[in-house]
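Dear colleague,

Please find below the structure that I promised to hand over, followed by notes on what turned up in it. Could you read the notes with the structure open beside you?

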Amino acid sequence: MSKMKSCSGAAKRFKKTANGFKHKQSHTSHILTKKSTKRKRQLRPMMQIAAADKALIKRMLPYI
């Protein structure tokens with residue numbers, strides 16, 4: 001049986017950690033002038049994915 005392929009889009013967006021997966025937050029790439037400094041600062045760190053999404057991400061990234 002051949003190897004399963006990873007979803008390449010998911011491989012670029014999610015990184016495996018000890019507790020699950022982390023991802024970069026949205027709304028940080030453009031139209032930043034109307035967003036407050038506090039809002040932009042709080043969007044900066046990478047966040048853990050929700051527990052409800054963990055099974056879906058695992059299925060998209062079988063070998064990670």
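This is a predicted model: local features need pLDDT of at least 70, side-chain atom pairs count only at pLDDT 80 or more; totals for chains, interfaces and linings use all residues.

Residues are numbered from 1 along each chain as its sequence is written, and side-chain values use heavy atoms, with hydrogens and water left out.

Ile31 has a positive phi of about 55 degrees although it is not a glycine, and its relative accessibility of 49% makes it partly exposed; by the cut-offs used here, buried means under 20% relative accessible area, exposed over 50%, and partly exposed in between, with a 1.4 Å probe and protein chains only. His27 lies in the loop between E2 and helix H2 (37–43) and also has a positive phi, of about 70 degrees, without being a glycine. With a relative accessible area of 54%, His27 counts as exposed.

Lys35, which is found in the loop between E2 and H2, deserves a careful look. Lys35 is buried yet has no salt bridge, and the nearest side chain of opposite charge, that of Asp53, is 20 Å away. A salt bridge here is a side-chain nitrogen of Lys or Arg within 4 Å of a carboxyl oxygen of Asp or Glu; for charge, Lys and Arg count as positive and Asp and Glu as negative, with His and the chain ends not counted. What the Lys35 side chain does reach is backbone: a polar atom of it lies 3.1 Å from the backbone oxygen of His27, and the side chain reaches the backbone oxygen of Ile31 at 3.4 Å. Leaving aside neighbours within four places in sequence, Lys35 is in contact (heavy atoms within 4.5 Å) with His27, His30 and Lys40.

Gln25 is found in the loop between E2 and H2, and it is buried, with a relative accessible area of 17%. A polar atom of its side chain lies 3.3 Å from the backbone oxygen of Gln42, and the backbone oxygen of Leu43 is likewise 3.3 Å from a polar atom of the Gln25 side chain. Apart from neighbours within four places in sequence, Gln25 is in contact with Gln42, Leu43, Arg44, Pro45 and Met47.

**The sheet**

Three strands form an open sheet in the order E1-E2-E3, with antiparallel pairing. Strand E1 (14–17) and strand E3 (47–48) stand at the edges with a single partner strand each, so one side of each is left without a neighbour in the sheet. Two strands are taken to pair if DSSP finds at least two bridges between them; E1 and E2 are joined over four bridges, and E2 (residues 20–23) and E3 by two. E1 and E2 form a hairpin with two residues between them, and the bridge partner of Lys15 in E2 is Lys22.

Met47 is found in strand E3, where it stands opposite His23. Met47 is partly exposed, at a relative accessible area of 38%, and, neighbours within four places in sequence aside, it is in contact with Phe21, Lys22, His23 and Gln25.

In soluble globular proteins, nonpolar side chains tend to be buried together. In this model the largest nonpolar core has six residues, namely Ala10, Phe14, Phe21, Ile49, Ile57 and Leu61; such a core is a set of buried Ala, Val, Leu, Ile, Met, Phe, Trp, Tyr and Cys residues joined through side-chain atoms within 4.5 Å. Beyond its neighbours within four places in sequence, Ile57 is in contact with Phe14, Phe21 and Ile49.

Met4 is found in the segment before helix H1 (8–13). Its C-alpha atom is separated by 9.2 Å from that of Leu61, which is 57 residues apart from it along the chain, and, leaving aside neighbours within four places in sequence, Met4 is in contact with Pro62 and Tyr63.

With best wishes

Terms used. A polar contact is a pair of N or O atoms within 3.5 Å; within protein, one must be able to donate a hydrogen and the other to accept it, and residues adjacent in sequence count only if both atoms are side-chain atoms.
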